[in-house]
Amino acid sequence: MCIPPAATDRADVVVVGGGPCGMTAAIALRLRGVRDVLVLERQPEGRDGSAGTSMALEINGLRALAAVDAECHRRVTQAASRVTRQKIVSRTGATLRDVSFGTADNVPMQIRRPTLARILKDRATEVGVRVEYGVDVVELSDVENSGGTDTSKVVLTSGRVVAAKAVLVCDGHFSRCRKWVLGDEPPEYSGWVCWRALLASGMLRGPLGKGCERTWVISERGSEAALFRSTTDDCVAIDVVSERNDWSCWPTDTSRCSGDAKRDMMAAVDDWSEELQEALSCIPQEQIIERGVFVRPSSSRWSRGRCCLLGDAAHPFLPNLEQNWSQSMLDIFALSRVFSIRDVPLSFRLLQYIRLPEFSHHQAAATSLGWSLQRWLESFDQLPMINAFAGPPLLMSKF
């Protein structure tokens, strides 16, 4: 059970968003000595909009987590599955690239999102983080008190106000609080649709469901692709992406579970091999989530005053390199090294100075690759190195 909220509406740091980024940031600040850290999560306890999906834990993110909290890293890696190999397969089913990791120590991993959420929640409770569920933020602002002490004001839907010395906005790709830091700038539809599902590997026939591996299926025209992520707990997370001119659900919704989702997905891969189509046809209709892929333009800053964006709220990432979680961990690692409750604005400016160039490297790599089969074939052998770039040793060289 999480620590109950205190009687007063004050905290040293308020973290908006209780997902992997928010919870890990809260843990990192408590371990750094920040006395009162409060996490505000909009969803009810135990409910997550992405529950059931699998998350990629890339090498650089795992290194950052180990530097932030060795105990949390130990629990996560014990629960996760090591990726033993990754492949590129053409739409006809031919294997074009095959990289085996063997028994290497530093390899990517996969973990079920509910499993990761449970580990982080338990660890947050142990280190003394306060967590409140089912609360929504409607306003963020900096205020100057009569005594000359600056604070941030967090207003909830109930009318309750929480005063904090710092606010971390970690509410994800479709952040509702980003507008109070960078202005009201809605995300832009990328021209891609993603279908996402999770199913038992026993339902897949052929090589796709065997072992703990990642298989990218990329069409020659670059307009469709799929990613099969097998794990040792007999589950396969599947993402299929395809070009589409518009996303009619926006701005009311970014995802849907409609009766047409499976039909649309199968239509996008109608010229793929029989084996690949059969694998996708095994997915039950009710387990398919259809989602528009949205992006935001690059920003030269992630903070304003005592409020700072972290993770996907700051820098939404294209899904092809699977760097979302890892980039969040690198943010948190850097924050844990520079954060001072005595000078919050300076801490956030230092974070930007350290992280913006590193993030820009990955963003450029993801944008360049896109879903071009030729570029993926040229770069595939270097993907483990690309995703290991900008780990804690490199970041530490900036201090």
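## Briefing on a predicted chain: helix packing, cores and confidence

Helix α2 (residues 59-68) is mostly covered, with seven of its 10 residues buried, where buried means under 20% relative accessible area, exposed over 50% and partly exposed in between (1.4 Å probe, protein chains only). The model is predicted, so local features need pLDDT of at least 70 and side-chain atom pairs count only at pLDDT 80 or more, while totals for chains, interfaces and linings use all residues. Residues are numbered from 1 along each chain as its sequence is written, and side-chain values use heavy atoms, with hydrogens and water left out.

**Overall make-up**

- The chain holds 12 helices and 19 strands, which are DSSP runs numbered from the N terminus (helices H or I, at least four residues; strands E, at least two).
- Of the 399 residues of the chain, 54% count as buried.
- Contact means heavy atoms within 4.5 Å, and among contacts between residues at least 6 apart in sequence, 74% join residues at least 24 apart.

**Helix α2 and its partner α3**

- The buried residues of α2 are Ile59, Asn60, Gly61, Leu62, Ala64, Leu65 and Val68.
- The axes of α2 and helix α3 (residues 70-79) come within 5 Å and cross at roughly 135 degrees, which makes α2 oblique to α3.
- Axes here are lines fitted to C-alpha atoms, for helices over the stretch in contact, and angles run from 0 to 180 degrees between N-to-C directions; angles under 35 degrees count as roughly parallel, over 145 as roughly antiparallel, 65 to 115 as roughly perpendicular and the rest as oblique.
- On the α2 side, Leu62, Leu65, Ala66 and Val68 meet Ala70, Cys72, His73, Val76 and Thr77 of α3.
- By class, this contact of α2 with α3 has seven nonpolar, two polar and no charged residues, with Ala, Val, Leu, Ile, Met, Phe, Trp, Tyr, Cys and Pro counted as nonpolar, Asp, Glu, Lys and Arg as charged, and the others, Gly among them, as polar.

**Helices α6 and α7**

- Helix α6 (residues 261-268) packs with helix α7 (residues 274-281) at an angle of about 170 degrees, their axes being 11 Å apart, and α6 is therefore roughly antiparallel to α7.
- Lys262, Met265 and Met266 of α6 make the contact with Gln277, Leu280 and Ser281 of α7, and by class it has three nonpolar, two polar and one charged residues.

**Nonpolar cores**

- In the largest nonpolar core, which has 48 residues, Leu168, Leu310 and Phe339 touch the most other members; such a core is a set of buried Ala, Val, Leu, Ile, Met, Phe, Trp, Tyr and Cys residues joined through side-chain atoms within 4.5 Å.
- Helix α8 (residues 324-338) supplies the largest share of this core, namely eight residues.
- Apart from this core lies another, of 43 residues, including Val162, Trp216, Cys307 and Ala366.
- Leaving out residues up to four places away in sequence, Phe339 touches Val13, Leu29, Arg32, Val34, Ala166, Val344, Ser347 and Phe348.

**Tyr133**

- Tyr133 lies in strand β8 (residues 130-133) and counts as partly exposed because its relative accessibility is 22%.
- Although Tyr133 and Glu41 are 92 residues apart in sequence, they are 4.8 Å apart in space, C-alpha to C-alpha.

**Confidence**

- The mean pLDDT of the chain is 82, and 82% of its residues reach 70 or more, pLDDT being the predictor's confidence in each residue, from 0 to 100.
- Among the elements of the chain, helix α1 (residues 20-31) has the highest mean pLDDT (97) and helix α12 (residues 392-396) the lowest (43).
- The pLDDT is below 50 over residues 3-8, a stretch with nine contacts in the model beyond near neighbours in sequence.
- Residues 389-399 also have pLDDT below 50, and beyond near neighbours in sequence this stretch has 30 contacts in the model.
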